[in-house]
Structure formats: structure tokens, C-alpha cells
Amino acid sequence: MDSSETYWADRALLEWQVELGATDAILDAPVNRYHLETLPPAVRTTKPDSKTATAAPVAVKEVDAVNAARTAAATANDFDALSAAMQAFEHCELRRGARSFVFCDGNPAARVMIIGEAPGREEDRAGRPFVGRAGQLLDRMFEAIAMGRKNADAAHSLYITNVLPWRPPSNRTPDAREIAMMLPFLERHIALANPDVVILMGNTPCQALLGRTGITRMRGNWTEVLGNACLPMFHPAYLLRNPIAKRDAWADLLSLKAHLRD
Ligand code: URA
């Protein structure tokens with residue numbers, strides 16, 4: 001086969017895989033899990049006492065990822081340093097499957113900071129949060145109260161980030177471990193931005209920052225996060241699936257507008 005034939009054969013193979021439902025390229029080469037090398041047995045440095053040694057636990061040095069994140073986040077004194085500390089953070093496996101590190105969008109001086117869940121496919125491609133269909137709805141929602149991420153003045157602009165900066169495979173919900181290890185960075189991010197209002201979009205940021213979920217009951221009820229006023233709202237992706245809930249979102253936007261006027 002010459003190179004153009006190889007190209008068309010590879011392309012046909014790829015299209016076939018997409019038709020079968022493949023959405024992500026995880027690795028460059030396939031892994032044959034039947035041929036993975038078995039790890040060598042753990043080396044003992046002391047001879048076990050044959051009378052007492054029943055399955056002595058092997059000491060495995062576990063890295064405390066949450067502590068490592070706390071230390072890294074605490075040293076970040078501005079957005080660039082925080083972004084660099086997160087990109088250098090090795091313990092979250094999601095970084096290996098993601099195309100982009102997605103940190104923020106909008107105006108860091110904005111009075112309102114929006115926190116979503118994690119990048120989806122479009123955000124992973126673009127390297128910016130909320131640029132897909134849900135993000136477009138988010139923009140339209142806030143435009144309705146004269147606010148937007150592109151506005152220069154702090155009173156009418158938005159600053160946007162997510163609980164996680166890397167896309168989980170197939171957009172699955174982030175698990176508790178991932179949330180816990182990235183939380184120190186998110187808390188530092190909020191402290192650096194120091195907004196008047198934090199909007200939590202859906203259950204994942206509520207779980208991360210308020211320690212509870214149940215967005216249907218929580219939405220619209222003002223609370224506090226790290227000393228900032230906080231308003232949980234329905235995630236725009238939920239609104240796309242449940243347009244009837246848009247009237248609740250509209251009530252929450254009006255409540256935000258009134259809060260900012262006070
Ligand atoms: N959903 C989110 O929660 N965040 C994004 O950035 C995109 C979709």
C-alpha cells in the first residue's frame with residue numbers, strides 16, 4: 001500500500017470505530033492486558049519470624065494527594081502561580097486522559113464567580129470552560145441580566161471555573177477522591193478571585209464546597225462559601241434536558257440581580 005492508501009484505510013477504520021460508539025482516544029497504541037508484565041514480589045528486608053508472621057502487612061508508601069494539593073495551593077499567590085501549581089500536580093489521573101488543562105474564563109475581577117463541574121468534550125478541545133451547548137446557554141442566561149464573561153467592568157462581568165480542570169473520560173461525574181484532591185486548589189482560586197457572589201452550577205460544586213447535594217432543594221437558597229455569598233443554581237446542561245426548570249433558573253437570576261443591587 002502506498003501512503004495515500006494507508007491514510008484511507010486508517011480513516012475508514014477510525015470512522016468504523018466512531019460508528020461503534022468510540023468517543024475518546026485514550027492512548028496512542030492499544031494495550032494487550034493479557035500480556036501485562038506481572039510485578040516482582042515485594043522485597044523483605046527482615047526475615048519473618050515463622051511463629052508470629054501471619055501475612056504481615058507490606059508497608060506501601062501512599063502519597064497523601066489531598067495534603068500535597070493543600071501545600072501546593074497554599075504557595076500560589078496569584079492566578080498564574082495557581083494555574084502552574086495545578087498543571088504541575090501529578091496525583092490526579094484525569095490529567096493523563098485529557099487534551100487540555102482548563103483553568104478559567106472571563107474577568108478575574110468580576111463580582112460574580114461561576115463554578116461548574118468539569119470540562120466536557122468541547123471545553124477539552126478549546127481549553128476554556130463552558131464553551132459547548134451548556135456554556136452557550138449559560139451565556140444567554142446571564143446576558144438576560146446584563147452580565148457576561150466578556151464584559152470589562154467588574155459589576156457586569158463573570159469569572160468562570162470548574163471543580164476539576166481536566167475532562168473525566170466520557171464526561172462521567174467526578175468521583176469523591178478526585179473532588180477531594182482538587183478542592184484545595186478550588187478554594188485557593190476562590191480566595192484569589194475574592195468575588196462578592198459564588199454561583200454553584202449543579203450538584204458537583206455543591207458537594208465540593210458545601211459538602212452536600214440535592215440541587216432541586218438547594219437551588220435559589222442563598223448560603224455562604226468561604227465567607228462569600230453563594231447561590232446554588234441548576235446546571236445549564238440540566239436545563240437543556242429539562243426546559244421546564246428554566247423558570248426556576250430565571251427566578252435565581254433575578255435573585256442574583258437583586259442581591260448585586262443591594
Ligand atoms: N459543564 C461544566 O460543568 N463545565 C464546563 O466547563 C462545561 C460543561
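View 1. A polar backbone atom of glutamate 117 is 2.7 Å from an oxygen atom of the ligand. A nitrogen atom of the ligand is 3.1 Å from a backbone N or O atom of alanine 118. The protein buries 92% of the 240 Å² that the ligand exposes when taken alone (Shrake-Rupley method, 1.4 Å probe).

**View 2. The shell around the ligand.** Gly116, Glu117, Ala118, Glu123, Pro129, Phe130, Asn162 and His235 surround the ligand (each with a heavy atom within 4 Å of it). Three residues of this shell are nonpolar, three are polar and two are charged, with Gly counted as polar.

**View 3. A cluster of aromatic rings.** Phe101, Phe103 and Trp166 are linked into a cluster by ring pairs (centres within 6.5 Å; planes under 30 degrees apart are stacked, over 60 edge-to-face and the rest tilted). Phenylalanine 101 counts as buried at 18% relative accessibility, and phenylalanine 103 is buried at 11% (buried means under 20% relative accessible area, exposed over 50%, partly exposed in between; 1.4 Å probe, protein chains only).

**Notes.** Residues are numbered from 1 along each chain as its sequence is written, and side-chain values use heavy atoms, without hydrogens and water. In this predicted model, local features need pLDDT of at least 70 and side-chain atom pairs count only at pLDDT 80 or more, whereas totals for chains, interfaces and linings use all residues.

Notes: Polar contact = N/O pair within 3.5 Å; in protein donor to acceptor, adjacent residues only side chain to side chain. Phe/Tyr/Trp six-rings, centres within 6.5 Å; stacked < 30°, edge-to-face > 60°.
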